Amino acid sequence: MPKDADEETTEREQDRLLPIANVSRLMKQALPGNAKIAKEAKDCVQECVSEFISFVTSEASDRCMQEKRKTINGEDILWAMHSLGFENYAEVLKIHLEKYRVVSAVSGPWSAADRYHQAQLDKYGSAGPHG
């Protein structure tokens, strides 16, 4: 059965945007516990962060293509952020990348991302780094 244009647009948008539940959870971590977030605000941030990630990733991808590489790595993302004028954010990301690499060097049943996320939860608790 063929899909109509609305279904195709919705599917493409879902592929392009970060899941709203993840965006909402991150937003809540940066706010006091009693704060509320309107759906419109969540949708706006979802669109912005998704576009930002695409923007930075595209710049990193261009670098990889110029260097005839297929895999974007953390250094490419840092380079892209500097290249696009996000130096302040790149410095913070560099610290997290270094911590991630340390955590990923530890063997265990979890993936490196799981161990890094758990370390962040242990450090900040459920309120996140800004809560």
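What follows is a short chat about a predicted model.

Q: What is the secondary structure of the protein?
A: Six helices and zero strands, in the order α-α-α-α-α-α along the sequence. Helices (H or I, at least four residues) and strands (E, at least two) are DSSP runs, numbered from the N terminus.

Q: How much of the protein is buried?
A: Buried residues are 18% of the 131 residues. Buried means under 20% relative accessible area, exposed over 50%, and partly exposed in between (1.4 Å probe, protein chains only).

Q: Switching to helix 5, what length should it span?
A: Helix 5 covers residues 87-105, and its 19 residues at 1.5 Å a residue should span 27 Å. The expected span is 1.5 Å times one less than the number of residues. The end C-alpha atoms of helix 5 are 27 Å apart, so the two agree.

Q: Which residues in helix 5 are buried?
A: A90, L97 and V103. Down the axis of helix 5, the buried residues fall within an arc of 135°, so they line one face. The arc is that of the directions from the helix axis to the C-beta atoms.

Q: And what does the face turned away from the buried side carry?
A: The exposed residues N88 and V102.

Q: How do helix 3 and helix 4 cross?
A: The axes of helix 3 (residues 39-66) and helix 4 (residues 74-83) come within 8 Å and cross at roughly 110°. Axes are lines fitted to C-alpha atoms, for helices over the stretch in contact, and angles run from 0 to 180 degrees between N-to-C directions. Helix 3 and helix 4 are therefore roughly perpendicular, a label for angles of 65 to 115 degrees.

Q: What about helix 2 and helix 3?
A: Helix 2 (residues 20-29) packs on helix 3 at about 105°, with the axes 9 Å apart.

Q: Where is K68?
A: In the loop between helix 3 and helix 4. K68 has a positive phi, near 55°, in a residue other than glycine, and K68 is exposed, with a relative accessible area of 76%.

Definitions and conventions. Residues are numbered from 1 along each chain as its sequence is written. This is a predicted model: local features need pLDDT of at least 70, side-chain atom pairs count only at pLDDT 80 or more; totals for chains, interfaces and linings use all residues. Side-chain values use heavy atoms; hydrogens and water are left out. Angles under 35 degrees count as roughly parallel, over 145 as roughly antiparallel, 65 to 115 as roughly perpendicular and the rest as oblique.
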